[in-house]
Every structure is written in C-alpha cells, then in structure tokens.
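The following paragraphs lead the reader through a structure step by step. Please keep the sequence and the model in view while reading.

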Amino acid sequence: MYAITVREPGGPDVLQWTEVPDPVAGQGQVVIDIAASAVNRADLLQRQGFYPPPPGASEIIGLECSGRIAEIGEGVTGWSVGDEVCALLAGGGYAEKVAVPAAQVLPLPPGVDLVSAGGLPEVVCTVWSNVVQGGRLTAGETFLVQGGTSGIGTHAIQLAKALGARVAATAGAPDRLERCRELGADIVIDYHDDIAAELHKATDGHGADVILDNMGAAGFAANVAAMAMDGRLMIIGMQGGVKTELNLGALMGKRGSVTAMGLRARPVEGPNGKGVVIAGVREHVWPLFADGSIRPVVHDRIPMEEAARAHTQLDGGGVVGKLLLVAPGGRG
C-alpha cells in the first residue's frame with residue numbers, strides 16, 4: 001500500500017507519498033481500506049517531531065479515517081468484510097489501509113457519506129469525552145468553546161446546542177463569528193476582546209458552566225475568570241503554551257475544576273478507555289446526525305497524496321471545520 005511518511009521532522013515539504021508494508025489484523029483488530037482521513041492540529045505537531053505516537057501505534061500520521069472493512073482479526077464480532085465504517089486511530093490514517101482495534105470502529109453516522117465521515121471520529125470523540133463525559137454539560141447550562149470555527153469548535157457548538165445548552169463561541173473575525181451563529185451559537189465573542197467580561201455581560205454575570213479550551217497556558221487566567229460557580233474547564237490543547245501561573249484563590253472562589261484530558265494515548269479498554277468513548281458516541285451522538293441536529297462541517301477535500309498542501313492550508317489559518325484527505329479508494 002501507499003502512505004504519507006515523514007522524511008524528517010520539519011515543514012510540510014517533508015511529507016511524502018511512498019510505498020509501505022500492508023497492515024495485518026491482529027487479535028481484536030480489523031483492517032480498513034481507507035476512503036478518507038482528515039488533518040488535525042496534532043498531525044502538524046507530529047510532522048514537526050513534537051508529538052510522537054504512543055507505544056505500539058503506527059508511525060504514520062492520522063488520527064481518524066473512514067472506509068470499508070477489508071479484514072477481520074481473531075476475536076472480532078459484530079463486523080463483516082465490506083462494512084462501511086469510520087474509526088478513531090492512534091496513528092495510521094494517512095494511508096490506503098490501517099489496522100485498528102475493533103472497539104474503536106463506528107458505523108457511518110446516519111445520513112453522512114463515506115468520505116465526509118473520515119473527518120468525524122477524532123472531533124466527535126474529543127468533544128463527547130470532554131464536554132459530556134468529563135465536563136458533565138447538561139441542558140440549561142452555559143457552554144463556552146474557544147475557537148468556534150475549528151474542527152473541534154464546529155462540532156462542539158452543534159452538540160452543546162443539541163443537548164439544550166446556551167452556547168458561546170469565540171472567533172477572530174466577523175465572518176467567522178457569523179459562521180458560529182449559523183452553527184447554533186447563542187453568544188459570539190471576538191477573541192481579541194476581554195472574553196470573560198463579554199461572556200459575563202451576555203449571561204447576566206453567570207459565566208460558563210463548561211469551557212472547552214485548546215489554547216492552554218495563554219488562555220488559562222481568562223478561562224478561570226469566565227467560569228460560572230462550580231464551573232468546569234476542560235483543556236484539550238496547548239497551542240498557547242504549556243506553563244502558566246495558577247491563581248488558586250480565583251479558582252477556589254469559583255469552586256472551579258480544571259481537567260486536562262488527552263485522547264490519543266488512552267487505553268482501548270477500561271473505564272476511561274477509548275471503547276467507552278466510542279460506545280457513548282454511538283449511543284448518544286449518532287442519533288443527532290439522524291435527526292439533523294449535527295452535521296459534518298467540511299472546509300475542503302484534498303487528495304491524500306497532497307497532504308503537504310493540506311498541512312500548509314491548516315497552518316495558514318482560515319479553515320472552518322475539517323480538511324479531508326481523500327485516499328485513492330475514496331475517489332471512485
């Protein structure tokens with residue numbers, strides 16, 4: 001098979017489409033003939049040498065895919081060769097085939113085509129595990145997502161709205177703020193402004209019960225200030241740095257909690273494993289695609305062989321939703 005490999009850590013030009021050995025389905029795994037994958041911020045970090053895959057995972061970049069099951073390993077039940085699926089990966093998505101634990105495989109969401117589904121598993125599982133399983137967002141609460149037009153943001157707005165929350169989202173330009181409104185945000189805030197002050201003004205001083213943040217250090221103090229009483233701050237990224245000063249008095253004054261939660265390195269099984277996340281998504285989120293409450297937001301579809309162009313595009317800004325990498329098998 002062919003896959004995108006990294007010649008050496010560096011810029012997008014180090015990505016190359018080369019022949020590599022085919023994967024084999026091990027115990028509890030299936031092999032998927034990939035139709036599409038998608039570009040995530042973590043992929044850019046891995047390409048630069050800053051985010052290596054967890055032990056045992058494929059060195060090939062790519063945290064999600066869609067396609068058709070081509071091989072079933074020993075001990076796998078509930079799936080058949082030829083099933084159209086999408087999957088959460090620890091690596092291996094930028095390729096024509098991938099081996100993945102069956103517990104991380106999902107049927108296509110109702111009404112979503114095979115290629116578009118390639119950009120769903122990572123964002124859907126990240127948002128579900130943080131906003132609902134970890135953040136315990138419920139109807140009537142206020143939810144704030146930082147970066148509302150990102151892949152994560154566009155899905156988080158829709159999910160929180162479908163759950164009955166009041167949704168606030170940040171973005172950096174009028175057209176992007178309007179896009180957040182179109183997706184269901186009740187409150188939009190320019191992230192160049194004082195986010196906490198604007199949110200409190202819009203919520204009559206209440207603030208956010210749950211905050212989903214990808215900036216890390218740079219936005220930490222503002223997020224604590226934006227919290228409601230008993231608020232939950234869920235940190236999923238460190239684009240704004242890894243170290244910050246923690247004002248315990250401010251946090252205690254809100255009775256707030258802070259959780260930093262990754263997805264890629266989680267075990268497959270166990271109470272905090274990926275299998276639990278996948279099961280929750282299948283039971284609770286997939287029906288929201290069926291009734292139209294949630295839909296994929298795709299910015300562009302790019303041939304997988306041109307992954308370097310997709311990385312350059314994401315790094316340059318202006319992307320709303322997901323950039324899909326369409327494999328040869330998805331262009332039939």
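Buried means under 20% relative accessible area, exposed means over 50%, and partly exposed covers what is in between (1.4 Å probe, protein chains only). The model is predicted, so local features need pLDDT of at least 70 and side-chain atom pairs count only at pLDDT 80 or more, whereas totals for chains, interfaces and linings use all residues. Residues are numbered from 1 along each chain as its sequence is written, and side-chain values use heavy atoms, with hydrogens and water left out.

The account begins with the aromatic rings. Rings of Phe, Tyr and Trp (its six-membered ring) pair if their centres lie within 6.5 Å; planes under 30 degrees apart count as stacked, those over 60 as edge-to-face and the rest as tilted. The whole structure contains two such aromatic pairs. The pair of tyrosine 2 and tryptophan 17 is stacked, because the ring centres are 6.0 Å apart and the planes stand at 25°. Tyrosine 2 belongs to strand β1 (residues 2-6) and tryptophan 17 to strand β2 (residues 15-19), so their pairing ties together parts that are 15 residues apart in sequence. Helices (H or I, at least four residues) and strands (E, at least two) are DSSP runs, numbered from the N terminus. Tyrosine 2 counts as partly exposed because its relative accessibility is 35%; tryptophan 17, at 24%, is partly exposed.

The pair of tryptophan 286 and phenylalanine 289 is edge-to-face, because the ring centres lie 5.4 Å apart with the planes at 80°. Both residues lie in helix α8 (residues 274-290), three residues apart, about one turn of the helix. Tryptophan 286 and phenylalanine 289 are both buried.

Strand β8 comes next. Which residues cover the two faces of strand β8 (residues 142-145)? Thr142 and Leu144 lie on one side, Phe143 and Val145 on the other, and all are buried. Two strands pair if DSSP finds at least two bridges between them. Strand β8 runs parallel to strand β9 (residues 166-171), joined to it by four bridges, and leucine 144 stands opposite alanine 168 in β9. Three bridges pair β8 with strand β11 (residues 208-213), also in the parallel sense; there, phenylalanine 143 has valine 210 of β11 as its bridge partner.

Charged side chains form further contacts. Side chains of opposite charge can pair when their charged atoms come close. A salt bridge is a side-chain nitrogen of Lys or Arg within 4 Å of a carboxyl oxygen of Asp or Glu, and the structure holds 13 salt bridges. One of them joins aspartate 315 and arginine 41 (3.9 Å, N to O). Aspartate 315 lies in helix α9 (residues 307-316) and arginine 41 in helix α1 (residues 41-47), so this pair ties together parts that are 274 residues apart in sequence. Aspartate 315 is partly exposed at a relative accessible area of 46%, as is arginine 41 at 37%.

Lysine 201 and glutamate 198 form another salt bridge, with the closest N and O atoms 3.5 Å apart. Both lie in helix α5 (residues 195-202), three residues apart, about one turn of the helix. Lysine 201 counts as exposed at 60% relative accessibility, whereas glutamate 198 counts as partly exposed at 30%.

Arginine 255 and aspartate 230 also form a salt bridge, their closest N and O atoms being 2.8 Å apart. This pair links distant parts of the chain, 25 residues apart: arginine 255 is in the loop between α7 and β13 (257-260), and aspartate 230 is in strand β12 (residues 227-235).
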